Amino acid sequence: MSKIRVLADHVANQIAAGEVVERPASVAKELVENSIDAGATRITIEIEAGGRRLLKVSDDGEGMVRDDAILAFERHATSKIRASDDLIAIGTLGFRGEALASIASVAKVELVTNTADAAAGTRVAIDGGRMRDVKDAAHPRGTTIAVRDLFFNVPARRKFLRSEATETFHLTNLVTHYALAHPEIAFAFVNNGRDVVRAVAAKNLRERAYQIFGEAFLENLLAVDGGDASVARVTGFVSAPRDRRTSRDSQYLFVNRRFVRDRMIGRSLSEGYRSILPHGVYPAALLFVETPLEEVDVNVHPAKTEVRFRRPDAVADAVREAVRSALSSVGFVEPEPQIPQLPQPPQLQVASAAAASTPPQPRIEFAPLPSGDEIARDIEAMIRSSSVTSPAQTPPLDSAAKLVREVAPENVSVNIRPLGQLEESFIIATDDEGLLLIDQHVAHERVLFDKYRALEAERRVESQQLLVPETFELTPAQAAVFDQLAPELEVYGFELMRLSGRTVAIRAVPADLPAGEARNMLAELLETVDAEKKSSARETLRDEIAASLACHAAIKVNMSLTPEKMRWLIDRLLQTSSPTTCPHGRPVILRLGMRDILKGFHRI
Ligand code: ADP
Ligand code: MG
């Protein structure tokens, strides 16, 4: 007897839904994309209970006639492509024709739609993939889709949904992305009846970013404009190097105005900041990569969040170079090696209105010892540049790369003697076993982390009042996290006040934290402590706050230290719970052992 059966449509749709509909935010993504494809100028997203109970998207796009409104729910039913050739150059956000079929198979869906010239609109109701009702209904030109009780018929999937706060966070993030990608469309996002985003049509990205993030965010942005149209144009904004984040959450990356998760673009962005931002720290970015349609394949994943470039290396180069030239236009990186006898302060070129309001920034030249590749590249650049005389030819030195080791906790000796600083960032010291390099910033971070944790445990907060409170604008996503985070921050000595709307005033900060750092720290915490972690243990959250506090209050790199200060830092470090790793898990001390030194010099 044969054993293979073709699955019923509604079962096949549920299986497909597994790939397309992961959570409420993925439903919102498909619906918003449909509205954009339909030429909407106004899109409203309303949710209740984190999108599980209700997720409703309405638009004023072209709408559908009755036959189409019914067909739209069939699998592989689309108006956007006709033949396989069309897959070569996809100009719409959707094209697979499975989103509505998938969504309707796992929720209760009601669609009401009307076109400009039809007399009456149409209402279609579908529950769990079964068509319940089709009838006339009034609706202005456009479409409204309400998705209720997501996963009501798939308990296994329902179990995987997170808390309301988490799902709302993802939804907010999603709406923010699409609102940024389409400034010309008016967006509204309403959560349990409250406006989270309400942005009228904007002239350009800058104006839209202002509507969503507020003025403070824009102040620190540099305009990016580079690449070339035949491979990839790269435009948007990136943050100045002093604005640091410990996660990639404030990176909004788009390919042909499609919100994608692409590691390559994120990596190239970071490479643009090479030697300006230390490892593990990320810039904020709104970056748009525009490629010719045939240069990119979006048909890689059912949710269309991944893309494949025909020439990935060329795209990576374009992103990196565009970011780099944005940074060099305001003096953060030197575009070309300078002529030695003419040391000049970096020229501040006004790249945009944003740059105009940005005060000249101190140049940060934190260089984590360059890798072999980077040195080779730099030398190449020097040779190419005619204005530079070639450096004196010295034979290459043997690198000690393989010989330097992280120091294990049981191997720290109390007998550490500082000798000096390397690049004003690392303390050079000796102990009984050889030569040590101590990262001054992370060492101090460890010291402060232990101190803050101890103060908190003893409920002894030390805070300093600010003469002039700093104000701070929350993004919609941050506002959701803020209320949960604020009490925990107060444990450490912050005094925060929610003013009207999404503005927060910082009235006091913990002792040791420079007032100017408070704002950066808050921004960063609001991002890292996203909804996922918020629901985790309070201790974890408090550790996270202490780590961030320590990081912002700690001695920076590129700061010269007196011998006394180095001594003080080392003594304090040795008293901490874990002198060899920083609160983020990075090593604090590296050692070049005596044996390795002797070996290196061929003495043993
Ligand atoms: P796809 O977007 O891949 O074509 P969907 O399942 O998302 O597939 O939608 C199926 C079809 O329904 C679309 O091709 C489009 O013609 C129509 N449609 C869906 N949403 C809308 C909308 N908001 N306005 C107008 N037409 C829509
Ligand atoms: Mg679609």
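**View 1. Valine 255 stands opposite arginine 258 of strand E12 in this predicted model.** The two residues belong to a neighbouring pair of strands, for E11, which spans residues 251-255, and E12 pair in the antiparallel sense over 2 bridges. Both strands are part of an open sheet of 5 strands with mixed pairing, in which the order is E9-E10-E13-E11-E12. Its edge strands are E9 (221-228) and E12 (258-259), each of which pairs on one side only. Helix H7 packs on this sheet, where it touches E10 (232-239), E11 and E13 (285-290), and the direction of H7 makes about 145 degrees with that of E13. Helix H9, made up of residues 263-272, lies across E10, E11 and E13 and runs at about 125 degrees to E11.

**View 2. Helix H7 (residues 205-213) has buried residues, namely Leu205, Arg208, Ala209, Ile212 and Phe213.** When the helix is seen down its axis, these buried residues fall within an arc of 110 degrees, and they therefore line one face of H7. Just after H7 comes glycine 214, which takes a positive phi of about 85 degrees.

**View 3. Glutamate 167 and arginine 23 meet through their side chains in a salt bridge, with an N to O distance of 2.9 Å.** This pair links distant parts of the chain, since glutamate 167 lies in helix H6 (residues 164-181) while arginine 23 lies in the loop between helix H1 (9-20) and helix H2 (24-37), 144 residues apart. Both glutamate 167 and arginine 23 are buried.

**View 4. Aspartate 149 and lysine 108 are joined by a salt bridge between their side chains, at 3.4 Å from N to O.** Here too the pair links distant parts of the chain: aspartate 149 is in the loop between strand E6 (142-148) and helix H5 (155-158), whereas lysine 108 is in strand E3 (residues 108-114), 41 residues apart. Aspartate 149 is partly exposed, with a relative accessible area of 31%, and lysine 108 is likewise partly exposed, with a relative accessible area of 31%.

**View 5. Arginine 320 forms a salt bridge with aspartate 317 in which the closest N and O atoms are 3.1 Å apart.** Because arginine 320 and aspartate 317 are 3 residues apart in helix H10 (residues 312-329), about one helical turn separates them. Aspartate 317 counts as partly exposed, its relative accessibility being 36%.

**View 6. A network of salt bridges links Arg453, Glu456, Glu488, Arg542 and Asp543.** Side chains of opposite charge can pair when their charged atoms come close. The structure holds 34 salt bridges.

**View 7. Aspartate 439 has its place in strand E19, which covers residues 434-439.** With a relative accessibility of 17%, aspartate 439 counts as buried, because the cut-off for a buried residue is under 20%. If its neighbours within four places in sequence are left aside, aspartate 439 is in contact with Ser425, Phe426 and Val588.

View 8. Of its 604 residues, 50% count as buried. Among the contacts between residues at least 6 apart in sequence, 70% join residues at least 24 apart. The accessible surface of the protein comes to about 29,600 Å², and 53% of this surface belongs to carbon and sulfur atoms.

Key
Residues are numbered from 1 along each chain as its sequence is written. Chains are lettered from A and ligands numbered from 1 in the order in which they are written. This is a predicted model: local features need pLDDT of at least 70, side-chain atom pairs count only at pLDDT 80 or more; totals for chains, interfaces and linings use all residues. Side-chain values use heavy atoms; hydrogens and water are left out. Helices (H or I, at least four residues) and strands (E, at least two) are DSSP runs, numbered from the N terminus. Buried means under 20% relative accessible area, exposed over 50%, partly exposed in between (1.4 Å probe, protein chains only). Contact means heavy atoms within 4.5 Å. The arc is that of the directions from the helix axis to the C-beta atoms. Two strands pair if DSSP finds at least two bridges between them. Axes are lines fitted to C-alpha atoms, for helices over the stretch in contact, and angles run from 0 to 180 degrees between N-to-C directions. Accessible areas come from the Shrake-Rupley method with a 1.4 Å probe; for residues, only the protein chains shown count as cover. A salt bridge is a side-chain nitrogen of Lys or Arg within 4 Å of a carboxyl oxygen of Asp or Glu.
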